[in-house]
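User: I would like to learn how to read side-chain packing in a model. Please take the features one by one.

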Amino acid sequence: MKDKLTVSELAKLRRITPETLRHYDRIGLFKPKFVDPLTGYRYYSVLQYEEIGTIRELRQIGMTTDEIKQYFTDRNVEQSLALMKAKVETLSRNIQELQEIEYNVREKIRHIEEMQRLCDISSVVLKDLDKRWIITKRCQVNDWVELGYGFLELEDILEETAPILASNRLGSLISQASIEAGDYTSSSELFIFLRRFLPRNHAYVEVVEAGKYLCSYYHGDFWGRANTISRIMEYAKANGWRLAGDAVQIVQIDITVTDKVSEVLYEIQIPVRRVR
């Protein structure tokens, strides 16, 4: 069997592209063993088979070109072991990050499918909701520009791996005083629900208390909540309930998954207690 292999022959044996071998040659990572002095053609030795295989494996575990060059420079067991240990730690962090991203994406899918199954979004439903934690800067927002900057600031505080868009974690608080005054649209205080992570800056963490909430949904835009709040308040009055705190507006389906306003979905949750 022949010892000299062309670029194409070695590439085929190791299941890589000829251009990859040429690139490795250009950067000095893996050079041909022979160069024909007459034609200038370059040939690899079959004995280089394992070296290119090792390079391929090192690339698969995420080593950079410089790290691979270091790996092949004056190699010894201690040096190789140290490089591999460092790479394992990096891989472990990357795996953890990917698992967190997967969890968040699966949660988004589950939530959107649940929202699609809603039948009558205009009905008012009484829910017993558990205590929830939020981050909020308690800043009033009155228009779309303030809304955009407000959510960006809260996401920075949250410090999570995966984005929270396309989930049911963004929302606003509408003060009890505003609702009692019949002012349903003038301003809101933005928040993000916390799930499994606590941000470093705990100063912005607050609690939305557990209790009974009258809830209803609506399609439209962020500020189009007046009719829904009015409907809930009329239901409360007719059924012996009174307002017991700030209302919660949650973005259930947002503009990251649809550009149709008719598909954007919000839920209004108003805490109530029985009239004595």
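User: Which residue does arginine 14 lie over?

Analyst: A charge sits over a ring if NZ of Lys or CZ of Arg is within 6 Å of the ring centre and within 35 degrees of the ring normal. Here arginine 14 lies over the face of tyrosine 49, 4.3 Å from the ring centre. Arginine 132 is placed over the face of tyrosine 213, at 5.3 Å. This is a predicted model, where local features need pLDDT of at least 70, side-chain atom pairs count only at pLDDT 80 or more, and totals for chains, interfaces and linings use all residues. Residues are numbered from 1 along each chain as its sequence is written, and side-chain values use heavy atoms, with hydrogens and water left out.

User: How many aromatic pairs are there?

Analyst: A pair of aromatic rings is described by the distance of the centres and the angle of the planes. Rings of Phe, Tyr and Trp (its six-membered ring) pair if their centres lie within 6.5 Å; planes under 30 degrees apart are stacked, over 60 edge-to-face, the rest tilted. The count is 8 aromatic pairs. Phenylalanine 222 and tryptophan 223 are edge-to-face, with 4.8 Å between centres and 80° between planes. Phenylalanine 222 also pairs with tyrosine 266: the centres are 6.2 Å apart and the planes at 75°, so this pair is edge-to-face. Trp144, Tyr218, Phe222, Trp223 and Tyr266 form one aromatic cluster.

User: Is phenylalanine 222 buried or exposed?

Analyst: Buried means under 20% relative accessible area, exposed over 50%, partly exposed in between (1.4 Å probe, protein chains only). Phenylalanine 222 is buried at 1%, and tyrosine 266 is buried at 6%.
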